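Colleague: Could you take me slowly through the nonpolar core and the aromatic rings, explaining each term as you go?

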Amino acid sequence: MKIIETNRLYLRELVLEDIEELSKVLSDPESMQYYPYPFSKDEVEKWIQWNIDNYKKYSHGLWAVILKDGEKFIGDCGITMQIIEKETVPEIGFHIIKDYWNKGYATEAAIACKDYAFKVFNYPKLFSYTTVKNIPSQKVAEKIGMQEYKIFEKNGERQIAQVVVNING
């Protein structure tokens, strides 16, 4: 079932059968260079299950990003609840398989998720956070209108949180 549709993509709920495709990004050392480590197959399965649980709990999570041209699974993108310095906030996250980097897919999916979060859930603000070294993800956040919110420590590393405000909320 399509949750969100853009010109080139659609987003649908992740299912356990996505483990092989999602492993292409979450188990890839280059794609996961800003995480503590690449995920094992077991961890990818837990990641999918975490999102399935989030769909039930929050009516959102990270969704499968499907390239309409060829019905190709290219990653995940969506809204999860994250803790940024003791505050639980809605966060836009994404992971795109490296064969599809630098084509605007992360930005296209993130813009659609931002619009969805503001229109459907009426969140007053949306956040994004990553390690301060992860410039590519920070650039995507900037492209969807986010600005620096704060620098904080998480997982023993300096993180940057970015925020965008719902102007209609």
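Modeller: The largest nonpolar core has 48 residues, and those with the most contacts inside it are Leu11, Leu22, Leu26, Trp63, Cys77, Cys113 and Leu126. Such a core is a set of buried Ala, Val, Leu, Ile, Met, Phe, Trp, Tyr and Cys residues joined through side-chain atoms within 4.5 Å, where buried means under 20% relative accessible area, exposed over 50% and partly exposed in between (1.4 Å probe, protein chains only). This is a predicted model, in which local features need pLDDT of at least 70 and side-chain atom pairs count only at pLDDT 80 or more, while totals for chains, interfaces and linings use all residues. Residues are numbered from 1 along each chain as its sequence is written, and side-chain values use heavy atoms, leaving out hydrogens and water.

Turning to the rings, a search of the whole structure finds 10 aromatic pairs; rings of Phe, Tyr and Trp (its six-membered ring) pair if their centres lie within 6.5 Å, and planes under 30 degrees apart count as stacked, over 60 as edge-to-face and the rest as tilted. Phe39 and Trp47 form an edge-to-face pair, 5.4 Å centre to centre with 65° between the planes. Phe39 counts as buried because its relative accessibility is 13%, and Trp47 also counts as buried, at 14%. Trp63 and Tyr116 form another edge-to-face pair, 5.5 Å centre to centre with 85° between the planes. This pair links distant parts of the chain, with Trp63 in strand β3 (residues 62-67) and Tyr116 in helix α3 (residues 105-120), 53 residues apart; helices (H or I, at least four residues) and strands (E, at least two) are DSSP runs, numbered from the N terminus. Trp63 is buried, with a relative accessible area of 1%.
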